[in-house]
Amino acid sequence: MKTIGVIGAGSWGTALATVLAGKGWNVRIYDVDEQHLRRMEASRENTDYLPGVALEDNITITYSNEEALKDADVVLFSAPAQHFRSAAEAARPFITDEMLIINVAKGIERGTHKRLSQIAEEFFDMNRYVVLSGPSHAEEVGRRMPTTVSVASRNQEAAEAIQDLFMTDRFRVYTTEDVIGVELGGALKNIIALGAGIADGMGFGDNAKAALMTRGLAEIMRLGEKLGAHRETFAGLTGTGDLIVTCTSMHSRNRRCGLLIGEGMNPEDAVKEVGMVVEGMYTAEAAYELAREVGVEMPITNVIYHVTRGELSASDAIEQLMGREKKHERA
Ligand SMILES: NC(=O)c1ccc[n+]([C@@H]2O[C@H](COP(=O)([O-])OP(=O)(O)OC[C@H]3O[C@@H](n4cnc5c(N)ncnc54)[C@H](O)[C@@H]3O)[C@@H](O)[C@H]2O)c1
């Protein structure tokens with residue numbers, strides 16, 4: 001019997017809790033939003049973020065990190081990327097040397113431009129640390145629809161332990177050691193999804209979306225290789241796989257937010273309208289600054305950043321992208 005403490009009762013933390021509970025594990029969920037936890041406890045459902053998915057009896061709602069992590073085997077961080085640092089800081093006193101640590105958030109920290117595992121290094125033993133990512137909407141995982149993800153760790157044993165923890169006939173898990181590639185694929189595709197949404201909102205067609213996805217992947221790979229990722233990782237689940245799912249799905253908040261912007265709503269209102277975390281809005285800023293810092297050309301990220309800040313209209317962004325100087329496709 002394993003006990004898992006889930007830190008962050010949003011849609012993804014809850015969906016993963018149901019996968020783990022479905023395997024018979026003992027799952028405890030904690031969140032900083034106490035009122036949200038109270039509603040979950042009363043209805044035995046995450047009505048705010050994952051409505052329609054009943055919580056199994058072996059999922060316990062807890063009101064502190066201490067209660068969630070007491071004697072736990074695994075801690076799973078599912079707070080949004082920009083809150084990972086504070087979540088890690090608050091949980092650290094209750095994390096023992098024996099626990100495995102999973103992070104499922106996707107993003108790059110604003111200001112520091114750190115990947116989340118670089119933040120984790122400040123707090124944890126990285127031989128116990130595993131990243132879980134891939135094409136996986138909470139809404140589908142919560143309904144037991146077939147899903148595949150990858151888990152990445154510098155320590156293959158830790159990755160395999162987390163693979164075993166999650167694997168079911170509906171949730172298939174691969175392992176990899178490319179933490180950098182997995183983290184960058186998951187974080188940066190959200191920016192491209194904003195762009196795909198904007199294109200949809202402006203009434204463009206499949207050609208524009210395919211172009212954004214493909215050229216988006218090209219710039220993600222360019223930054224990834226510069227930062228030490230393996231090129232092939234971007235052809236895998238956490239690269240191309242996640243890019244496809246995010247750019248084409250109605251479940252993607254980043255795409256939905258882009259859609260509203262493309263239809264003419266200002267970016268701040270679009271985020272409010274979506275109502276849940278739109279990671280791409282923050283990652284766009286961090287990635288834009290990081291790309292400049294390391295000297296990597298990222299034209300799509302560049303325009304999305306300026307559009308999300310309200311400094312560039314969606315139509316001027318398209319004009320800028322289409323009017324760039326001639327290039328070789330693999331340059
Ligand atoms: N939703 C998905 O389908 C999905 C899939 C894969 C990955 N992700 C990633 O998972 C992360 C979480 O996304 P989500 O969709 O569950 O977000 P969400 O908006 O549904 O919920 C986030 C939850 O985190 C809580 N939270 C914020 N700060 C916290 C802290 N310091 N400690 C504990 N809880 C805290 C909030 O109160 C909220 O309940 C994001 O990085 C997202 O990119 C989401």
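**Around the ligand**

A backbone N or O atom of Ala-138 lies 2.8 Å from an oxygen atom of the ligand, a polar contact in the sense of a pair of N or O atoms within 3.5 Å. The protein covers 90% of the 840 Å² of accessible area that the ligand has on its own, with areas taken from the Shrake-Rupley method and a 1.4 Å probe.

A word on the model: it is predicted, with local features needing pLDDT of at least 70 and side-chain atom pairs pLDDT 80 or more, while totals for chains, interfaces and linings use all residues. Numbering runs from 1 along each chain as its sequence is written, and side-chain values use heavy atoms, leaving out hydrogens and water.

Let us return to the contacts. Asp-31 places a polar side-chain atom 2.6 Å from a ligand oxygen atom, and for Lys-106 a backbone N or O atom lies 2.9 Å from an oxygen atom of the ligand.

Now look at the wider shell. By class, it has 14 nonpolar, nine polar and five charged residues; Asp, Glu, Lys and Arg count as charged, Ala, Val, Leu, Ile, Met, Phe, Trp, Tyr, Cys and Pro as nonpolar, and the others, Gly among them, as polar. Domain 1 (3-177) and domain 2 (180-322) both give residues to this shell, so the ligand lies between them; the bounds come from an automatic or database domain assignment.

Definitions and conventions: Polar contact = N/O pair within 3.5 Å; in protein donor to acceptor, adjacent residues only side chain to side chain.
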